[in-house]
Amino acid sequence: MGIWQQDTDLARINAWSANTLMEVLGIRITGIGEDWLRGSMPVDHRTHQPYGLLHGGASVALAETLGSMAAMLTLDPARFRAVGLEINANHVRGVREGTVAGTAKALHLGRSTQVWEIRIEDERQKLVCVSRLTMAVVPVDGTAPH
């Protein structure tokens, strides 16, 4: 049994990125499984730092996008929202070009918090960045979390 509480149609999920940072950076959701969400981002002029490498902040933006979208999909949107509390990232390998892909998997899905691990890899499936994102589950109407 999957963890998702919402429709997981990729076109619908990608439409959420219109007119956002995700659109500017070229982030796309590319796959969804029973307990994971996957997305990609190009490594190009939009995501480089001055040395021509993938900017760590771009990796964090990809990680937070994947974890946040995954968190939202686990909740009933009429009752709850997921908002970021904390994110950390370890950058372990530089990338100069191509595409990186990240996969978000839940470590904890609680009543009031969620913790997600996001692993970002290069095109050779080599680890580029590993991130952990903590999300708060916030009721839409001010009532206590489920």
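Buried here means under 20% relative accessible area, exposed means over 50%, and partly exposed is in between (1.4 Å probe, protein chains only). Strands (E, at least two residues) and helices (H or I, at least four) are DSSP runs, numbered from the N terminus.

This is a predicted model: local features need pLDDT of at least 70, side-chain atom pairs count only at pLDDT 80 or more, and totals for chains, interfaces and linings use all residues. Residues are numbered from 1 along each chain as its sequence is written, and side-chain values use heavy atoms, with hydrogens and water left out.

**Strand 6 and its partners**
- Strands count as paired if DSSP finds at least two bridges between them.
- Strand 3 (residues 80-91) runs antiparallel to strand 6, joined by 11 bridges; within strand 6, leucine 133 sits opposite isoleucine 87.
- Strand 5 (residues 113-121) is also antiparallel to strand 6, with nine bridges, and glutamate 117 has arginine 132 as its bridge partner there.
- Five residues lie between the strands in the hairpin of strand 5 and strand 6, where glutamine 125 takes a positive phi near 65 degrees.

**The aromatic pair**
- Searching the whole structure turns up one aromatic pair (Phe, Tyr or six-membered Trp ring centres within 6.5 Å; planes under 30 degrees apart are stacked, over 60 edge-to-face, the rest tilted).
- Tryptophan 4 and tryptophan 116 make up that pair, stacked at 6.4 Å centre to centre with 10 degrees between the planes.
- The two are 112 residues apart: tryptophan 4 is in the segment before helix 1 (10-15), tryptophan 116 in strand 5.
- Tryptophan 4 is buried at 16% relative accessible area, and tryptophan 116 is buried at 0%.
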